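Colleague: I would like to learn how to read ring pairs and helix packing in a model like this one. Could you take me through them step by step?

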Amino acid sequence: MRGGDAGAAAEAGSPRSPDLYDLSDDSDYAAAAAASSDLTAMRTDSVDRGSDETARIDVVYEKERVTIHPTQYGSGRISGKLRLFLQQGSLFLSWEPNEGADSLSTNSFGAEIDKYRNLYTIKALPLSDVRFIRRHTPTFGLDYIIIVLSSGLAFPPFYFYNGGIRELFATLKQHVFIIRSDDDPNVFLVNDFQDPLQKSLSSLELPGVASVANAMSRQNSLSFTGSADESRHGTDRRHGEASSMSQYGSKQKNKSNDPGRDLSIQVLEKFSLVTKFARDTTSSLFQNNSGAHTYGRQQQHEYLLDNKASDKHKNQYITPEKATVPSAPPETDPLPLVWGKQRDRPLSVEEWTAFLDPEGRVMDSKALKKKVFYGGVDHVLRKEVWKFLLGYHEYDSTYAEREYLAAMKRAEYEAIKSQWKSITATQAKRFTKFRERKGLIDKDVVRTDRSVPYYEGDDNQNVVVLRDILLTYSFYNFDLGYCQGMSDFLAPILYVMEDESESFWCFASLMERLGANFNRDQNGMHAQLLALSKLVELLDPPLHNYFRQNDCLNYFFCFRWVLIQFKREFTFDQVMLLWEVLWTHYLSEHFHLYLCVAILKRYRQRIIGEQMDFDTLLKFINELSGQINLDRAIQDAEALCTIAGENGASCIPPGTPPSMPIETDGGLYVQQDEVL
């Protein structure tokens, strides 16, 4: 994305995540990839033999700069040539990566890129093996397609840097039978000659039918149905609602073999994690102890989210044979949405002590973050643990080093504070920016968390300390200064630390990540809202489409959620728990965005059912304050984050808060203030 060529500029709409995730380590994926590789090799040999027998190859479509993004880094994308060609009356597809500079790889990624280049090369794929192709034309970014095979394998998305998708489909229509999905106009079914028996049996939704029907149809009717959302029933179709989480082979009524459904396509985008579903019955999946056991459990139960206005956030299920609109809500299922884990108890003093070696170093920071993510921190430990989560202390620092750091930082803080403390009234008259910021801070601190006993009452000294820290920060980071909302972040930190200097430095560390939220040009907020839009599009296409039809794609109704990370949506104690979960960055640096998606999905039926426009939606979202079940929302967000995987990470541009900002020659915070 930082490259100088036009391709890098175009790539801005297809952001990356710095985390590498090699799916070849997944057992299901590796086995399926190996089988696919062997099959491709056999077909390639067959093609070669055909060539020896003077078989003619006619290229009917060819496009350069068709690119995959295996590493989520802009520098790691692999550009290649996509072809359609005819041989002996059959249509084949091939994609071969470019060598050298065209692959856009760097030395640091050379080995990885070579591996991906070999893994994803397609020599000759018969179109008869393709189940469907999904065309994706995002509002921002590059168009791409996803090719899904009848076996259930999906190739990684192919991004068209020079256009050409329209011509590709026009060529396909000339040589193969291709039709649009009834449910998703962006999904094109290829060679959709369904076995009538399979279609009839599937529509009955009888247990055990899937495997028999699949065998009779030679596995050509694999259906990818479901989503990470509430189950869709027949009466909900007018609202464009989606079905439940990835039910491979467990088909909804009137949706028996149409793959163009909801998140299923996006799940497949995760580089073919699905490899062996819709071929086993529910019972056999439950007996399977392989890595697919989690998905087997998903096939047994369809999870429904309770979208009632009371927001009880109950998790419910129905078995496939009961997949009709119930007259009353099913019994509550104790299992959370998909594999979102139940919340654990907070980190205890004993557990915290066990994480430290004799000199005070945290021996396993990843395990500590995992523990905090799933359970939070006992309040008596927050003063200590938050310093690590916020980056004030290094995980490998010793007791002695931390004590020395505290003394040094306290002296540094006092030096910065003295800068504004020494300003006289006469100086202040000639210092417009100082007067403006001080006035804004004075107004904000007296209305920040005043219902919390720590800050309540007149002449509260803690409010004075809150003001002093914010004024000092405005001198420490003069470019960014102070903006409304910063006091919301500082108040819980000061409440926990009960120390002015340590609170300041923890707050400063947090602002290193979230300072862009307060830039005058709002670039940090726009980046997050854009990423949120892409995540909703990935994880809940019907809801995204509804927002698009109602001019809500700017997602400004989530502005407050993102700006101060749900500070106004939960109680003070809940906010402290949520923030320490977010600060772990355990599953994602941007877990707060998945939390936004989870809450929106929770209320999707009501949003669409009541046909909310932007103003109504904004009012509705604001009125959710105090009504959201935090534990369930975190569980749902965890599930969505896991499902989205690398595709979710690729929706988020590098440097998007709370990722560390990308430094430029102009500095981190370009405020474009008027000249003082």
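Colleague: Is Phe431 buried, exposed or partly exposed?

Modeller: Phe431 has a relative accessibility of 22%, so Phe431 counts as partly exposed; buried means under 20% relative accessible area, exposed over 50%, and partly exposed in between, with a 1.4 Å probe and protein chains only. Phe434, with a relative accessible area of 7%, is buried. Please keep in mind that this is a predicted model, in which local features need pLDDT of at least 70 and side-chain atom pairs count only at pLDDT 80 or more, while totals for chains, interfaces and linings use all residues. Residues are numbered from 1 along each chain as its sequence is written, and side-chain values use heavy atoms, with hydrogens and water left out.

Colleague: How many aromatic pairs does the structure hold, and what describes such a pair?

Modeller: A pair of aromatic rings is described by the distance of the centres and the angle of the planes. Rings of Phe, Tyr and Trp (its six-membered ring) pair if their centres lie within 6.5 Å, and planes under 30 degrees apart count as stacked, over 60 as edge-to-face and the rest as tilted. The structure holds 38 aromatic pairs. In one of them, the ring centres of Tyr374 and Tyr586 are 6.0 Å apart with the planes at 70°, so this pair is edge-to-face. Tyr374 lies in helix α11 (residues 365-375) and Tyr586 in the loop between α22 (572-583) and α23 (591-602), so that 212 residues separate the two; helices are DSSP runs (H or I, at least four residues), numbered from the N terminus. Tyr374 counts as buried at 9% relative accessibility, whereas Tyr586, at 25%, counts as partly exposed. The rings of Phe431 and Phe434 have centres 5.7 Å apart and planes at 35°, so that pair is tilted.

Colleague: What angle do helices α19 and α20 make where they pack?

Modeller: Two packed helices are described by the angle between their axes and the distance between the axes. Helix α19 (residues 523-539) packs against helix α20 (residues 541-549) at about 130°, with the axes 5 Å apart; axes are lines fitted to C-alpha atoms over the stretch in contact, and angles run from 0 to 180 degrees between N-to-C directions. That makes α19 oblique to α20, since angles under 35 degrees count as roughly parallel, over 145 as roughly antiparallel, 65 to 115 as roughly perpendicular and the rest as oblique. The contact (heavy atoms within 4.5 Å) includes Val536 and Leu539 of α19 and Pro541 of α20.
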